[in-house]
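Thank you for sending this entry for comment. My remarks follow as numbered points, to be read alongside the sequence and the coordinates.

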Amino acid sequence: MADDSIFDKKKSHRAKHAGRKAEKKKKKNQVDTSNLSARQRNPKAFAIQSAVRAERQFRRREDVISKKQHIPQVDKTPLEPPPIVVAVVGPPRVGKTTLISNLIKSFIKTNVTSTNGPITIVTSKKRRLTLIECNNDVNSMIDIAKCADLVLLLCDASFGFEMEIFEFLNICQVHGMPKIMGVLTHLDMIKNAKKLKMTKKTLKHRFWTEVYPGAKLFYLSGIIHGEYLRNEIKNLSRFISVMKFRPLSWRMTHAYLLADRLEDITNQEAIRKDPKINRDVVLYGYVRGVPLLKESMVHIAGVGDMKISELSYLPDPCPLPNSEKKRHLMERERQIYAPFSGVGGIVYDKDAVYIELKGSHSHKQEDEETNEKKELLKNVVESKETVDEQMQESGFRLFSGGAVIYPDMLKDDEYLQSNKEHEKSEDSASDDEGSDSDNDSGIEQSQKDTAAKSSKLPWDNNSGSEGEDDSGDDDNKNKEDSDSDEEANEQDFSTKWKEKMAENATTAYFERQRTSKNIMKLVYGEFEIGNKTKEQEENDSSDDESDEESGPFIKKVTNSEKKKQKEKDQLDLDECSFFYSIDKPVLRDWASEANKQLIINSFVTGKRSADEDAEELLKLDDASDGEEELYGDFEDLETGEKHVEEKKTENVDETGFKRKAEPTKSEIMEKKLKLKAKFDSEYDNPEDHRIKGDHSYYENLKAEALKQSELNKSVFENLDNGLRIEVEGFRPGLYVRMLFKNMPSEFVTNFDASYPILIGALNMAEQNIGFVSCKVKKHRWYKKILKTNDPLIISLGWRRFQTLPIYSKVEDDLKCRYLKYTPEHVTCNMHFYGPITPQNTGFLALQTVNNNPNEIKQLGFRIAATGSVNEINKSTQIMKKLKLVGTPLKIYKKTAFIKDMFTSTLEVAKFEGARIKTVSGIRGQIKKALNKPEGAFRATFEDKILMSDVIFCRTWFKVDVTKFYAPVVNLLLPVGNKNAWQGMKTKGQLKREKNIKSEANKDSMYTEIKREPKVFKPLVIPKELQKGLPYRFKPKVNKTTLSNKDTKDMFKDRIAVVRSPHEQKVSNVMKMLSTNYQKKQEVQKEKTAQRLSLFKKKQDEEEWRKIKRQKELKKKICRHISKMSNKKEKQM
C-alpha cells in the first residue's frame, strides 16, 4: 500500500523560463530604470577600485573646501546699504579720469565732463557706487585706503609698476585690505605681440606676489576717440557690480563718512568784517560702518578733531530704484549725484534749495514751458517784498462787475470773525499738509495748532462754554471795541506763545504716546486721555449752551475765578501712573472680571497665539515632571486662600507599593528602531554614497552668524524712524547733514574737491591722548634706519600726526631697553605720545609727506615702518644703559681706590654695593667713599688690578617720552601746496637748509694711537723649586731682572780697558782695604747691637724695681690711713 501511495503523488508545477509567457512575466516584475541614475543602475561600476586613491581624492576635496572657508562674521549691512566706495588709484598719466568717465557712461549712459570729488551712481536695483579718483599724494592715498571698499589699481603697462602702486598696497595692508583689482592701460604702446604677451605675464605674476595669487587683473588694450573699448569696460563693470565684500574690523567698530558736499553757512557780514573768522561749515555724506551717534567727537582727516554741533538726516539724493513713489509717469529716477562735479538735480536742504542749471548747449532747445519756468524763477529771485506783504496788497473779484475784495475787509466782517476759530480747527484736523506752510513768527506749528483750537484740551470741562461766552460777548460789543481788542492782541502777540505751555506740552506728549509703541499700551490697550469721551464732551457742550440760553439765573464766572478753581481741583487729584493735566481722569477698575479678560492674554501666562497657550505649556511641564512635587502647599498672600497638595491614592497590596509595569518586548523593539533611525540619519548618506567630511562645526558657525544678523536687523525694524534714530543712532546708509562750528577759515577758502574729506567717528577711549606702545619694523625697502627722537609722521586709526618716538627692546627681565636706532629686519618696540587706540590696530610711519620731486628721488620708497599697537599705558618706562667710567688711584692687592667715576660723596653713598668691572673682566664691588679726593671710593676686586685698567659701572636710568603731538592739517594749506605739509624738522635738516657746518668735536675725532709694548716682570723660579726640576727646565742663562737681556749682550758694546801691573796692584790693595773696612763695620754693628740689647735689659730691670717699690710704699700708706680712721671711729 505504501508503494501505491508513492506512485499516486502528483508532480510539482514547473514554471516556464522561456517563451512568450515567461517574457511577459519578466517584464511585469522588472523595475523601471529610466529614472534611475547610472550609480543606481550599476553600483558595482562606481564602487571604490583603490582605497589609497579614494583617500587621496577625499583629502584633496577636503583641503579645497577648508581653503575656501572663512571665519563666519555677522553681516551688519543694513537693508538699504550705503554706496560702495570704488577708488581709482594710480600714478599720474595712467588714465584714471578716462576710466571713471567710461565706467559712468557704461553704467548710466551719461557723459560726465568733470570728475572732482565723489560721484555716486545707481548701478542696479540694490547697488550704488561712489567713484572717487585718488590724486598723487600720500595723504590722499592714506585717506582713500581707509574708506575704499574696492580699489581699481591702474598701471601703465608700457612703463611697469611704479613706486606709488607699491606704496598704496602697503598702506592698504596696514589699514585693512580692501578688494583690489588691477587694470593695465597703455597696452597699445607695445607693438610687438610677443613682448606684449611677456609683459602681461610678468606684470600679472608681480601683481599676484603683492596682492594674492589669482588676483583679478584687467587689460585695457587701447583707446579710441578718447575712450576705452566698450566690451572691456563692460566686462570690468560687470565684475564691479557682482563683487562681494568682507567686513573689515576697524570699519565694523567705527562710523565714518566720505563727504560729498560742503556748504559754508557763516554770516556773510561777519566774514566781511573779518575774513579769517572761524566758519560754520555743513558737510554731507552717507553714514558707513556702524550707526553714528549725535554729538559724538569725529576726526576730519587733514583738519583735526571736531565735535558735531548738529546732526540730521536728509532724503536720499540718489535713492535706489522703486524706493520712492513717482509723482508722475514722466519723472525719471535720478541715477547720478556728484555735487563737487556739478552733476545732480534739485536738492532741498535745511539751509537752501540748489537747482541744477544745464550747460550752454541746452539753451538752444528752449520751449514755452522752460521759458515760463525761467520767468517764475526770475520773479521769485527779483521780488523784494515778503509773501505776507504781497498777500495784503493783492485782491480778487468774485463776480464780473463786482467789488474787489482785499484782506483788510475780512477783519470787519462779523460773521467771518465769529466762525474764524471753527474753520481753523476744521482745517487743522482735515488737512495736515496745510500746516507745513512757511511762517517766520518763530512759533512751532504744533504750538500754533493747539493755540488755535477752541476746545483746547479734551478734558477741559469749561472749554466749550468759554468759546460760547466769548462769541456772545463779541455779539454784544461795538465795532470800535472789537477794533481796539484786535490792536491789543497784535501788540501782545510776542507774549502769546508763552500762554498755556503746560497744556501744549501735555497734548504733544499724548500725540507721541499714540504714534510710538510702548509696553503699557500693548498690555492695557488704548487708554482714554481725559475723563470724557468725544460724545460726552458734545453732550456737555450742548448742556452748556442750553444753560446759557436759560437767562439771568446763571452767574458768569470770571477768568481769575476759573483759574483758582482749577488749581483747587488739581490739589484734589488722585495719583496715577499716567501723566494727566489739571483734571482727574476716569481709570478702569482692573479688579473687575470684564477688564481682566481684556488684558489676560497680554501677560506671560496668557494665550499669546494659536500655538502658544501658557496653560497648555504648563500642563506639559507638569506631565514631564512625573511624580515629582512641583509646588507643594502654599498660601496666596493677597486673597488668603490656602492651597493644599492633593494626596495621590495608591493601590497598596499586602506586600507593599505597586511597582511600575515593566516594558513589553514590542515597546523595547520600538525604542531600538527609533535609536537606529536616529543613528542612520546622522551617519548615513542616502542621496550620495561618497564619504563626506565633518563640516557641521563650520555650518553651525555660519548659522549662528546668520541668525545674529537677522536678529540685529529685526530689533529696530518696527520702530518709528525718529525714535529709532534716538535709540540706535544714524544707521549706515542714511544721508546726513553735519554742522561743525568754529571750523578754521582756511578749510573753506583753500577747499579743493580733488582731496577726499574723510570724517571718522571716535569712540570714547580714542578721544584721549597718552603714551602708546607699539610693535614696529622698519620697512625693508626704506633706505635709512630710523633714529630715536627723530620726528615721524604716523597714520593710526583715522588720524595722521607727527610725534617723537622712542625705540626699545624687551630684555629677558621684561625691561624695555632704550635703542638709539631701529634694528635691521627685526621688530622692536616703539613708544610715542599720541591718541589712545585699541590694541592690534595697524599703523604706518613716514618721515615726510611732502611731494617734492627732489625729496622723493632721494628717499625712493616713502613708507618708513609698519606695525601695530601693543598696549595702551598712561605712563611707560624705558630704561637706558649708562656706563660710569673710573680709573685706579691706589692699588693694595685686591683692594683699590677708584677716582673720576663720581663727583661727590653723596653719589658714592647711593651706589654703595653696586657691581663694577674692569676692561680685562675682573669683577668688583663699591665699598665706601673716601674723604679725599671728592668722589673717590674704595672698591674690592676678585684679583689684583693694574693702574692701566679702566673700571666700568653699568647703570640704568629712565627715559621720558617727549609729549609732542601735531596733527597733519594738509587740507588747511593753499590749493597748490596741499601736498607740501611740513612738520617739525630735525637739527640736521635745518643745518643743511641754512648751510651751517657743525663744529668738530675733538674727542670724537680719530687720532693715531701709539701703543708701547707691554714689559712684564721676568719669571723668577725659587731655588728650592729649581732643585726639583729636570735639567731641561732649569734656567741655563743668567738674565738681568728688568731688561731681560744676557750679560754678554749688556757688555757687548762697551770698550775693554787693559791695566798695567802697577794699576792692578793698586786696585788689589784698594779692594783689600775696602773688604777689611766692610768687615770691621759689620763687627762694629754687631757689637753695638749687643750693647744696646744689654742696656735695654738693664733699663727694664730698673724700671721694674722702681714700680715694685712704689707699689709697696702705696700699700703701707693705705694700711696706715685705714688704721687711723678705725681709731677715730672708736673714739666717737
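1. Is L814 buried or exposed? In this predicted model, L814 is exposed, with a relative accessible area of 72%. L814 sits in the loop that runs between β27 (806–810) and β28 (816–819), and its phi is near 60 degrees, a positive value in a residue other than glycine.

2. Because its relative accessibility is 33%, N789 counts as partly exposed. As background, most residues other than glycine have a negative phi, and most peptide bonds are trans.

3. On the chain as a whole, the model has 1132 residues, of which 29% count as buried, and its secondary structure comprises 35 helices and 38 strands. Among contacts in the chain with a separation of 6 or more, 71% are between residues 24 or more positions apart.

4. The C-alpha atoms of H254 and G760 are separated by 7.2 Å, although the two residues are 506 residues apart along the chain. Apart from neighbours within four places in sequence, H254 is in contact with R288, G289 and V290, and also with A761, N763, E766 and W798.

5. Two helix pairs can be described together, given that two packed helices are described by the angle between their axes and the distance between the axes. Helix α5 (residues 96–108) packs with helix α9 (residues 230–241) at an angle of about 75 degrees, their axes being 10 Å apart, and the two are therefore roughly perpendicular to each other. From α5 the contact takes L99, N102, L103, S106 and F107, and from α9 it takes I233, K234, L236, S237, I240 and S241. These residues divide into 6 nonpolar, 4 polar and 1 charged.

6. Helix α6 (residues 138–147) and helix α7 (residues 163–175) have axes 9 Å apart and pack at an angle of about 45 degrees, and they are therefore oblique to each other. The crossing of α6 past α7 is right-handed. Its contact residues are M141, I142, I144, A145 and K146 of α6, together with E164, E167, F168, I171, C172 and H175 of α7; by type they comprise 7 nonpolar, 1 polar and 3 charged.

7. Finally, the aromatic residues: a search of the whole structure finds 18 aromatic pairs. One of them is formed by F801 and Y965, tilted, with 5.1 Å from centre to centre and 55 degrees between the planes. This pair links distant parts of the chain, with F801 in strand β26 (residues 799–803) and Y965 in strand β38 (residues 965–967), 164 residues apart. F801 counts as buried, because its relative accessibility is 0%. Elsewhere, ring pairs join F161, F166, F207, W781 and F861 into a cluster.

Methods:
Residues are numbered from 1 along each chain as its sequence is written. This is a predicted model: local features need pLDDT of at least 70, side-chain atom pairs count only at pLDDT 80 or more; totals for chains, interfaces and linings use all residues. Side-chain values use heavy atoms; hydrogens and water are left out. Axes are lines fitted to C-alpha atoms, for helices over the stretch in contact, and angles run from 0 to 180 degrees between N-to-C directions. Helices (H or I, at least four residues) and strands (E, at least two) are DSSP runs, numbered from the N terminus. Angles under 35 degrees count as roughly parallel, over 145 as roughly antiparallel, 65 to 115 as roughly perpendicular and the rest as oblique. A crossing is left-handed if the near helix is turned anticlockwise from the far one by less than a right angle, and right-handed if clockwise. Contact means heavy atoms within 4.5 Å. Ala, Val, Leu, Ile, Met, Phe, Trp, Tyr, Cys and Pro count as nonpolar, Asp, Glu, Lys and Arg as charged, and the others, Gly among them, as polar. Rings of Phe, Tyr and Trp (its six-membered ring) pair if their centres lie within 6.5 Å; planes under 30 degrees apart count as stacked, over 60 as edge-to-face and the rest as tilted. Buried means under 20% relative accessible area, exposed over 50%, partly exposed in between (1.4 Å probe, protein chains only).
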